[in-house]
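Dear colleague,

Please find below the structure that I am handing over to you. After it, I set out what was found.

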Amino acid sequence: MSSVAVDKHGSKIRKDAGTRIFDVFAVVTVSIGAMLCVIPFIIMLSGSFSTESEVVRSGYSIIPKGFTLEAYRVVFTSLGNTIGRAYMVTIYVTAVGTLLGLLCTSMGGYVLSRPDFKHRDKVSFFVYFTTLFSGGLIPTYLVVANVLHLNHSLWSVILGGLMSAFNVFLFRNFIKGIPDALMESARIDGAGDFRIYWQIIIPLTKPAMATIGLFTALGYWNNWFTYSLYLITDKDKWGLQYLLYRMLSRVTDAVKGSDVLIVQQLPSETMKLATAMLVTGPVLLFYPFVQRYFVSGLVVGSVKG
């Protein structure tokens, strides 16, 4: 590692010993943390391409043992065309929920950031209060099923993860970094509140939007519990995670009640790894597109104000 840094004017600045030691310590620590995060994923990927007998006999490894696609073949064979429909349901719920969540969260954060909003502090308190106390599972179910009558609709899944107090405050704090003079000049030019929000606030808050969008999308993509509450009998509306959960439970029960030969034929362990890869794969493909906004949006939105 070089002991010389360069400032914004191109001049060389020699680092002292303490700075160099800290840089080395930081790089080593972050590298170890990255390895601890990546290695389990590599082991999971390797196990999904290994044979069941090798996994049972030798355990998991970084390199596949007895490379095979049997686990994936069994997953797709067991589910048939159902897995395609589950993917479409999950993509639809994630896309619609994320877009509506970004719209509602950004509007809420913008309103709470306005200094001319008379009841800003009171509303902020009620929003914050929900992070400490909630109605609980049973009241939530009664409202969704008996009051809103959404227990057989995908909107029961979408509305449940639409907004969170954390995201609202994250967006509000990010907006505080935008100069008030910019919005005041737009208002002098005749722009209304919605036009300021849509043409000024939204373009200038891309890092915050990307960060909140990632949080919201991950919440919808990984959700399976809500399906088990409101859509347990609607098989054509099952999301991918809940479908795979039901499939694994069914296979596990079948294995427990089968003879030794059937147990040896079913790749139950590698199937679990294969289903986990099917769930996390699309998220890994999506993450690089928002990664450059993620850090700045999270850090700036959490420290301002």
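The structure holds 6 salt bridges, a salt bridge being a side-chain nitrogen of Lys or Arg within 4 Å of a carboxyl oxygen of Asp or Glu. Please note that this is a predicted model, in which local features need pLDDT of at least 70 and side-chain atom pairs count only at pLDDT 80 or more, while totals for chains, interfaces and linings use all residues. Residues are numbered from 1 along each chain as its sequence is written, and side-chain values use heavy atoms, with hydrogens and water left out.

Salt bridges

Side chains of opposite charge can pair when their charged atoms come close. Which residue forms a salt bridge with Arg 114? The partner is Asp 193, and the closest N and O atoms are 3.1 Å apart. This pair links distant parts of the chain, since Asp 193 is in helix α10 and Arg 114 is in the loop between α4 and α5 (120–132), 79 residues apart. Helices (H or I, at least four residues) and strands (E, at least two) are DSSP runs, numbered from the N terminus. Arg 114 counts as buried at 11% relative accessibility, whereas Asp 193 is partly exposed at 43%. Here buried means under 20% relative accessible area, exposed means over 50%, and partly exposed lies in between (1.4 Å probe, protein chains only).

Asp 193 also meets Arg 187 in a salt bridge, at 3.8 Å from N to O. Arg 187 in turn forms a salt bridge with Glu 184, with the closest N and O atoms 3.2 Å apart. Glu 184 and Arg 187 both lie in helix α9 (residues 180–188), 3 residues apart, which is about one turn of the helix. Both are partly exposed: Glu 184 has a relative accessibility of 43% and Arg 187 has 27%. Together with Asp 116, the residues Arg 114, Glu 184, Arg 187 and Asp 193 are linked in a network of salt bridges.

Aromatic pairs

A search of the whole structure finds 16 aromatic pairs. Rings of Phe, Tyr and Trp (its six-membered ring) pair if their centres lie within 6.5 Å; planes under 30 degrees apart count as stacked, over 60 as edge-to-face and the rest as tilted. Why is the pair of Tyr 141 and Tyr 230 stacked? The ring centres of Tyr 141 and Tyr 230 are 5.4 Å apart and the planes are at 10 degrees, so this pair is stacked. Because Tyr 141 lies in helix α6 (residues 137–147) and Tyr 230 in helix α12 (residues 225–230), the pair ties together parts that are 89 residues apart in sequence. Tyr 141 is partly exposed, with a relative accessible area of 31%, but Tyr 230 is buried, with 5%. Elsewhere, ring pairs link Trp 224, Phe 225, Trp 238, Tyr 242 and Tyr 245 into a cluster.

Nonpolar cores

A nonpolar core is a set of buried Ala, Val, Leu, Ile, Met, Phe, Trp, Tyr and Cys residues joined through side-chain atoms within 4.5 Å. The largest nonpolar core has 34 residues, of which Val 75, Val 93, Tyr 227, Leu 240 and Leu 278 touch the most other members. Among the helices that each supply at least two residues of this core are α3 (70–79), α4 (82–113) and α15 (268–303). α15 gives the most to this core, with 7 residues. A second, separate core of 18 residues includes Leu 170, Phe 174, Met 183 and Ile 202.

Surface and overall composition

Tyr 92, Leu 100, Leu 159 and Trp 198 are among the residues of a nonpolar patch on the surface, which has about 1000 Å² of accessible area together. Patches are made of residues with over 30% relative accessible area and no salt bridge: like charges are joined within 9 Å, nonpolar side chains (Val, Leu, Ile, Met, Phe, Trp, Tyr) within 5 Å. Accessible areas come from the Shrake-Rupley method with a 1.4 Å probe; for residues, only the protein chains shown count as cover. α4 gives the most to the nonpolar patch, with 4 residues. Leu 159 is placed in helix α7 and is partly exposed, at 40% relative accessibility.

The chain has 15 helices and 2 strands, and buried residues make up 35% of its 305 residues.

Yours sincerely
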